[in-house]
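Please read them alongside the coordinates.

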Amino acid sequence: MSGARTHRLARPRRARVEARPADGRPLAVDGRAVDAVRESWLVEDRWWNGSPVRRRYWEVVTTCGRNLVVFHDLRGGGWFAQR
Amino acid sequence: MIACVLLPRFELTVAAGDREELLRMPAALAPEPGREQRVGEASPAAEAFGVRAGTPLGEALARCPSLTLVPPDPAGVADRWERLLVRLEAIGAAVEPERPGLACFAVRGLLRLHGGSLEHVLGAARHALRQPARLGAGPSRFCALAAASRARVRRPEVVAGGEAEAAAYLAPLPVALLRGRRETAQLPEPLARLGIETLGALAALPTAAVADRFGAAGLLARELACGRDGRLAPRRPPERLAEELELPEALSGVQLDHALRLLVDRLLARRERRGRTLRTVVLSAALVEGGTWREQVPFREALADPLRMRLALAQRLALLPAPAERLRLAVERFGPHASDQRSLLDEADDVRRARLREAVRQARAAAGPDAALRVLAVEAESRVPERRVVLTPFE
């Protein structure tokens, strides 16, 4: 279909995260303090081609009750939120 | 001559069951789960507080703080009412049920069967019902209803004669009787506000004035008040075919879907179906927390395909307000035999696809090339979320 594009879903969007320097644990996401960390996991993917992915994911609950998934890009740096 | 059988507060009585004391205190049927928040039939004590069937729940509780709400039992009401209709039909009556608790039948064809007199026919009907009911007879359905509502349990009320006698009988009666007919049930209150208290006063109004103020319902009400009414439309006695499943523990969700699958398969396997398709079925359930739930499901086309039946029924089952302890599937109306074959080429699918393509084309013309997209899983198992699915143009 001419003119139509393919859209990726669940694209990461940049997030403002304050993290504890010692272990990278998020303390606040977009100005909201983190109440609890539910889970954390590491994703290493695409290491076999030219665009490898290394991310540390954190699933957190903020003080306002929101459940968020954020990750720290261990290659390029920066924090992102992702659904 | 039309006979009318009236069982006042039938739904409330069935829902109350053996708790007869409820009918002596202010009580009303609670709204059905998921439906409009209005109370159902009310006991005489509740009516004394101004609570009637159709009163909003909040208003009913404000009018009568001690009102007891009885959980409705739509499945029980339907079963009990069906039994009573079958008993009436067993004396040869061609019955037209108006609503649960109110039915009419023509007397003429029954006179020779039951001793040749109206009294004998009414006696046979009372005997067949095997429970107290008010019986009335009159030249029209509405007149018979008015007579039944004034009758005593053991003494039927009969209005002899024709249209003029019916009009004369109805003239002093209150307009509240119009609540007995579904089409005119909303009229008594506005009529009373305008000072029209009796059916005679309504009949005396000019037709044009009634039509201007109340429309078609008003015109019908005036016709009824004048002693005229439409013809009886007796029902065709249904074949009873039902399957029921006792659920060992209260089920909901996926387990309930399994139960539905079993019920559909059992129903379709019944010999009495004789290869016919099903046009309308009734899905009902006894709820764990008391009361019942009932949903009539007419299929878009008559079916005998269990998969399509399940697809249609599962959507209704999702409306179940609470876990069920008993599930029942009954046939209300059969369709033609399942031997109606489709064409060898499934043209319906092609037609559907063509319509879908046209809809997509129009949506894109109106809202741009991104108007119709679909979700496509490209790497469903990827650990990187943004790689799993994409939105791509709908082809």
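1. Leaving aside residues up to four places away in sequence, A:Val60 touches A:Pro26, A:Val29, A:Val34, A:Ala36, A:Val37, A:Arg38, A:Arg66, A:Asn67 and A:Leu68. The model is a predicted one, and these contacts should be read with that in mind. A:Val60 sits in strand β6 of chain A. Its relative accessible area is 0%, so A:Val60 counts as buried, the cut-off being under 20%. A:Glu39 lies 21 residues from A:Val60 along the chain, and the two C-alpha atoms are separated by 7.2 Å.

2. The next point concerns aromatic rings. Over all chains, the count of aromatic pairs comes to five. One of them joins A:Trp41 and A:Tyr57, whose rings are stacked at 5.2 Å centre to centre with 5° between the planes. This pair links distant parts of the chain, since A:Trp41 belongs to strand β5 (residues 32-45) of chain A and A:Tyr57 to strand β6 (residues 53-62) of chain A, 16 residues apart. The angle of 5° is under 30 degrees, which is why the pair of A:Trp41 and A:Tyr57 is classed as stacked.

3. A:Phe71 and A:Phe80 form another stacked aromatic pair, with 5.3 Å between ring centres and 20° between the planes. A:Phe71 has a relative accessibility of 1% and is buried. A:Phe80, at 14%, is buried as well, because the limit is 20%. Ring pairs connect A:Trp41, A:Tyr57, A:Phe71 and A:Phe80 into a cluster.

4. Turning to chain B, there are 13 helices and 13 strands. Along the principal axes, the C-alpha atoms of chain B fill a box of roughly 80 × 50 × 50 Å. Of the 395 residues in chain B, 42% are buried. Among contacts in chain B with a separation of 6 or more, 60% are between residues 24 or more positions apart.

5. Two arginines of chain B are placed over aromatic rings. B:Arg213 lies over the face of B:Phe214, at 4.9 Å from the ring centre. B:Arg276 lies over the face of B:Phe334, and here the distance from the ring centre is 3.9 Å.

6. How many cavities of 30 Å³ or more does a search of the whole structure find? There is one, and the volume of this largest cavity is about 70 Å³. Its lining consists of B:Glu96, B:Glu98, B:Leu102, B:Cys104, B:Arg141, B:Phe142, B:Leu145, B:Gly180 and B:Arg181. In chain B, β4 (95-99), β5 (102-106) and α6 (141-150) are the elements that give two or more residues to this lining. The largest share, three residues, comes from α6(B). By class, the lining of the largest cavity has four nonpolar, one polar and four charged residues.

7. The helix α6(B) deserves a separate look. It is mostly covered, with eight of its ten residues buried. The buried residues of α6(B) are B:Arg141, B:Phe142, B:Cys143, B:Ala144, B:Leu145, B:Ala146, B:Ala147 and B:Ala148. Among them, B:Arg141, B:Phe142 and B:Leu145 also line the largest cavity. An α-helix has 3.6 residues a turn, so residues three or four places apart point the same way.

8. The last point is the second largest pocket, with a volume of about 400 Å³. B:Val297, B:Pro298, B:Phe299, B:Arg300, B:Glu301, B:Leu303, B:Arg308, B:Leu311, B:Ala312, B:Gln315 and B:Arg316 line this pocket. At least two lining residues are supplied by each of β10 (292-303) and α12 (306-317) of chain B. The largest share of the lining of the second largest pocket is that of β10(B), with six residues. By class, the lining of the second largest pocket has six nonpolar, one polar and four charged residues.

Definitions and conventions: Residues are numbered from 1 along each chain as its sequence is written. Chains are lettered from A and ligands numbered from 1 in the order in which they are written. This is a predicted model: local features need pLDDT of at least 70, side-chain atom pairs count only at pLDDT 80 or more; totals for chains, interfaces and linings use all residues. Side-chain values use heavy atoms; hydrogens and water are left out. Rings of Phe, Tyr and Trp (its six-membered ring) pair if their centres lie within 6.5 Å; planes under 30 degrees apart count as stacked, over 60 as edge-to-face and the rest as tilted. Helices (H or I, at least four residues) and strands (E, at least two) are DSSP runs, numbered from the N terminus. Buried means under 20% relative accessible area, exposed over 50%, partly exposed in between (1.4 Å probe, protein chains only). A charge sits over a ring if NZ of Lys or CZ of Arg is within 6 Å of the ring centre and within 35 degrees of the ring normal. On a 1 Å grid over the protein atoms alone, a cavity is a set of points where a 1.4 Å probe fits but cannot get out, and a pocket is an open set with protein on both sides within 12 Å along at least five of seven lines; lining residues have an atom within 4 Å of a point. Grid points are joined across faces, edges and corners, and a volume is the space filled by probe spheres set on the points. Ala, Val, Leu, Ile, Met, Phe, Trp, Tyr, Cys and Pro count as nonpolar, Asp, Glu, Lys and Arg as charged, and the others, Gly among them, as polar. Contact means heavy atoms within 4.5 Å.
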